[in-house]
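Here is a friendly walk through one protein chain, written for someone who would like to find the landmarks by eye. Please open the structure and keep it beside the text.

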Amino acid sequence: MKKDVLIWGAGKIGRGFVAEAFYKGSFQLIFVDNDQKLIEKLRSQSSYSLINAEPGKDPVISEISDYTAHHISEIVQINKLVTEVSYIVVAVFPAAFDQLTTSLVKGIEVRALNEESLDILLCTNARGANEKFGSLLRNKLSDRGKVYFDQYIGIVETVIMRIAVPTPSHFLSYGELAVTTNGFPYMPVNRSSFKKGVPEIPILKPINNFEAEETRKFYTYNMAHAVYAYTGLMQGCTTVTEAADNTVVKEEILGALNESAQALIAEYGFSKQEMEKWNQLVIANLTNPLLEDKLVRLGKDPFRKLSQNDRLVGPALLSKKHGLYPYYLTKVIARALYFNCPEDNSTTELQTKLHLDGISATLTKIAGLQKDPELVSMVKRHYTHLQENPALQEDIRLITLYKKAYTGGFDNEKKFHGCAQCALASMFDISKQKDENLFRSVSAFAGGVGLAGDGICGGYAAGILWMGNFAGRRLEYFNGDKEEQYKSFNMTQNLRDRFIDTYGSIICKNIQETIFDRAYILLTKTVRNDFEAAGAHDDRCTSVVAISALWTAELLIDEGFIDIDKL
């Protein structure tokens, strides 16, 4: 007897990936959708064409048939189907979860009587969808239904790396229902989430460490799509194919993918070779000329794409966690803030908030960066520069030096502790000179000066003192030297402004209140233990030291005190 699968969502992924997977697994396909015209078209045709255009290969055309289709208003039929099907696959956006779960309740309550297992696969291309979906469904069930849900229903996450696009002009002859995809050959699924068992379907690929696989996909595939969209549009491109040939886009896509790769290697243990091969696959799949993907389509819904764990802010935060300066990732976030598509409600809302509240408040709120103001600062820097020149490309040697300064400060603080000395050691490294007496002198600046918390930040102090090694009134000109004196004033004011804009203060305990939600006066071992437990030397104070070193490097370079041609 042929098994059946209920596919909730007959859109491009439902018809172009889910249907193929289960069709090849000899399942009877049952589509449910809220689009009455689409349902009528599916019913009027006995089959539709699936065009899988893998990069570098001739398109493979196949026919999907042997299906039925139902509109969501057909409540009686849908209730009956829910009680009978072997699997349910959800291929709609999370915005539809509330209505969808309501439609499933009655059928699931009937299934609870027989205690028959049911797996619901989520093909939604949204992180955390399983928790949202599962919570909505469980809360609508009776007490008996909740017990059944806990024991017999598997909410299964999937990773969707197949891209389905509006049918390109050269494939229009295959009809309105035809679906064009990049033909990505498999669908990773979370092995541990199944209750009924993983169906024997060639396309499904059970994964043990699903978090790593899902994160890698979002932080590379989805992230790269965003780079093509937001960077490409600012260069006047309209399709991914055009963007892929643009010099600015090429640099930023490779830079952002490399940053994500380094963060993923640090977090999940992927090998460098594995990530290099993976990123090549990402670019090949996304730049497939047969797909003609439009950049405006890819850029829509920036609110969701700028959320904390999504494709842009997510990898930037992961980079920050591991002491890696996300230069390109924060640049793309800045470009996303320029995206403007009047017919997209998310875009309109974003632009309104930017106009009313400004960049810092808007990005902090929508991306959940209240405790990560360093990222907001990085984005603002790019945003300002892009306003002056959307095609801006900084010297790659500068970017390399910035990354070295940032990571050096982070790693020093993580390993050795003592914010002023750790920031200063990074500054020594990028300047190719050092001062051992100064290094010893700044030791007591740690913890807001002598661990008391009410003094200036050690990273800030180190920056001022090291810049003073290059600019400032000299002893032999004690009675004058105003030009040098005011140069040091200006550089210090610039550093101060960056601290105030980012943390609201230059005082240690005030900065701690921003990044920890409380201050730590480190005069006792108990408080110092609490400080460590709060992540002080994971990615909290380490990030403050890192960005102090970065800002100091930028100021010294801007003033001509560090010549990259001589490094």
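## The chain as a whole

Please keep in mind that this is a predicted model. The chain holds 24 helices and 12 strands. Along the principal axes, its C-alpha atoms fill a box of roughly 95 × 55 × 45 Å.

How much of the chain is buried? Of its 567 residues, 55% are buried. The accessible surface comes to about 24200 Å², and carbon and sulfur atoms account for 50% of that area. Among contacts with a separation of 6 or more, 73% are between residues 24 or more positions apart.

## Strand E2 and its partners

Strand E1 (residues 3-8) runs parallel to E2, and six bridges join the two. To find this pairing on screen, look for Leu6, whose bridge partner in E2 is Ile30. Between E1 and E2 the chain passes through helix H1 (residues 12-24), giving a β-α-β crossover that is right-handed.

Which other strand pairs with E2? Strand E5 (residues 67-71) does, in the parallel sense and over five bridges. Here the landmark is Asp33, with His71 as its bridge partner in E5.

## Salt bridges

Another salt bridge brings together the side chains of Arg498 and Glu554, at 2.4 Å from N to O. This pair links distant parts of the chain, as Arg498 sits in helix H21 (residues 482-503) and Glu554 in helix H24 (residues 536-558), 56 residues apart. Glu554 is buried, because its relative accessibility is 3% and the cut-off for buried is under 20%.

Asp539 and Arg540 also meet through their side chains, with an N to O distance of 3.2 Å. Asp539 counts as buried at 18% relative accessibility, and Arg540 is buried too, with a relative accessible area of 10%. These two belong to a network in which salt bridges with shared partners join Lys320, Asp372, Glu374, Asp539 and Arg540.

## Nonpolar cores

In soluble globular proteins, nonpolar side chains tend to be buried together. The largest nonpolar core in this chain has 120 residues. Which of its residues touch the most other members? They are Tyr228, Leu312 and Phe499.

Leaving aside residues up to four places away in sequence, Tyr228 touches Leu233, Val240, Ala243, Ala244, Val249, Ile253, Ile283, Leu286, Thr287 and Leu295. There is also a second, separate core of 34 residues, and its members include Phe27, Leu29, Cys123 and Leu177.

Conventions
Residues are numbered from 1 along each chain as its sequence is written. This is a predicted model: local features need pLDDT of at least 70, side-chain atom pairs count only at pLDDT 80 or more; totals for chains, interfaces and linings use all residues. Side-chain values use heavy atoms; hydrogens and water are left out. Two strands pair if DSSP finds at least two bridges between them. Helices (H or I, at least four residues) and strands (E, at least two) are DSSP runs, numbered from the N terminus. A crossover is right-handed if, with the strands pointing away from the viewer, the path from the first strand over the helix to the second runs clockwise. A salt bridge is a side-chain nitrogen of Lys or Arg within 4 Å of a carboxyl oxygen of Asp or Glu. Buried means under 20% relative accessible area, exposed over 50%, partly exposed in between (1.4 Å probe, protein chains only). A nonpolar core is a set of buried Ala, Val, Leu, Ile, Met, Phe, Trp, Tyr and Cys residues joined through side-chain atoms within 4.5 Å. Contact means heavy atoms within 4.5 Å. Accessible areas come from the Shrake-Rupley method with a 1.4 Å probe; for residues, only the protein chains shown count as cover.
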